[in-house]
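Dear colleague,

I am passing on the structure below, together with an account of what was found in it. Please read the notes with the sequence and the structure open beside them.

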Amino acid sequence: MRASEASNRHKVIVVGPCESGKSIISNVIAEAADSASEAYRPTAAVRILECETEVRSASSGRMTVELWDVSGDTKFQKCWPAIKKDAVGCILVYNPEKQNHEEEVEKWFQWFPRTMNFSANQVLVIQSLRRSDVPRRTPLPAKLAHAGVAQPVTVSADDMVAARKHFGTFLETVRQSVLDKQRQEEEDVMKGG
């Protein structure tokens with residue numbers, strides 16, 4: 001793989017509680033599906049999807065994204081170090097309709113973006129709703145709000161495709177975070193010598 005190809009390939013992990021809609025969201029973002037399926041099939045450890053997207057930022061162009069759809073079952077946590085390696089962004093998915101999901105998504109935030117030292121710009125929170133009659137936006141769980149994470153994006157079962165638009169915007173900020181970090185590392189090397 002050429003260096004230019006590597007710089008345009010980014011890994012984004014999708015994490016959250018069991019039955020929150022991570023696989024559905026991942027499928028929609030990767031354009032493997034446009035709507036939710038009826039049957040629930042838990043992910044075993046991790047599923048990797050690849051997609052290309054256009055990024056509209058200072059360094060615009062096509063970008064290849066690996067979406068790592070991580071199981072919500074903590075019995076696979078031995079896989080987490082490999083899953084975290086080289087990730088540049090994290091999508092936290094939860095369903096506020098489900099009891100305990102707000103508490104659980106706070107744990108997932110601690111286990112992934114927090115331990116990976118991600119900035120708030122590298123985290124996208126998606127509330128995945130099964131029913132369209134639920135209030136469209138519930139507040140961000142307290143620990144995430146305290147960490148400066150942006151308000152959640154709400155995606156309902158009848159409008160899953162909206163996730164793609166939000167993902168595109170998120171990728172622009174992640175891409176800029178990656179470029180800023182690379183620039184800072186280069187400056188540090190030049191100073192330290």
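In what follows, a residue is called buried when its relative accessible area is under 20%, exposed when that area is over 50%, and partly exposed in between. Please also keep in mind throughout that this is a predicted model.

I begin with the overall layout. The protein chain has six helices and six strands, and, read along the sequence, these follow the pattern α-β-α-β-β-α-β-α-β-α-β-α. Of its 193 residues, 44% count as buried. Among the contacts between residues at least 6 apart in sequence, 73% join residues that are at least 24 apart.

After H2 comes Glu 31, whose phi is positive, near 60°.

Helix H6 covers residues 162–192, and because 31 residues at 1.5 Å a residue should span 45 Å, the 45 Å found between its end C-alpha atoms agrees with expectation.

How do H2 and H6 meet, and at what angle do their axes cross? The two axes come within 8 Å and cross at roughly 75°; since angles of 65 to 115 degrees count as roughly perpendicular, that makes H2 roughly perpendicular to H6. On the H2 side the contact is made by Ile 25, Val 28 and Ile 29, and on the H6 side by Ala 163, Arg 164 and Phe 167.

Some of these residues return in the nonpolar interior. In soluble globular proteins, nonpolar side chains tend to be buried together. Here the largest nonpolar core has 26 residues, and those with the most contacts inside it are Val 12, Ile 25, Ile 29, Val 65, Leu 67, Ile 91 and Phe 167. Ile 25, leaving aside its neighbours within four places in sequence, is in contact with Val 93, Ile 126, Ser 128, Val 155, Met 160 and Ala 163. There is also a second, separate core of 21 residues, which includes Ile 13, Ala 87, Leu 144 and Val 149.

Leu 92 lies in strand E4 and, at 0% relative accessibility, counts as buried. Not counting residues up to four places away in sequence, Leu 92 touches Val 15, Val 105, Trp 108, Phe 109, Pro 113, Val 123, Leu 124, Val 125, Ile 126 and Leu 144. The C-alpha atoms of Leu 92 and Ser 20 are separated by 9.6 Å, although the two residues are 72 apart along the chain.

Most residues other than glycine have a negative phi. Ala 45, in the loop between H2 and E2, has a positive phi of about 65° although it is not a glycine, and Asn 117, in the loop between helix H4 (101–114) and E5, likewise has a positive phi, of about 60°. Is each of these residues buried or exposed? Ala 45 counts as buried because its relative accessibility is 17%, whereas Asn 117 is exposed, with a relative accessible area of 68%.

Lys 75 can be read together with Ala 45, for the two are 30 residues apart in sequence and 8.4 Å apart in space, C-alpha to C-alpha. Lys 75 sits in the loop between E3 and helix H3 (80–84) and, at 62% relative accessibility, counts as exposed.

Finally, a word on the cysteines. A search of the whole structure finds zero disulfides. Cys 18 counts as partly exposed, at 33% relative accessibility, and Cys 51 is buried, with a relative accessible area of 9%.

With best wishes

Note on methods:
Residues numbered from 1 in each chain as written. Predicted model: local features only at pLDDT ≥ 70, side-chain atom pairs only at ≥ 80, totals over all residues. Heavy atoms only, no water. Disulfide = S-S within 2.5 Å. Buried < 20%, exposed > 50% of the residue type's maximum accessible area, 1.4 Å probe, protein only. Helix = DSSP H or I, 4+ residues; strand = E, 2+ residues; numbered from the N terminus. Expected span 1.5 Å × (residues − 1). Core = buried A, V, L, I, M, F, W, Y, C linked by side-chain atoms within 4.5 Å. Contact = heavy atoms within 4.5 Å. Axes fitted to C-alpha atoms, helices over the stretch in contact; angles between N-to-C directions. Parallel < 35°, antiparallel > 145°, perpendicular 65-115°, else oblique.
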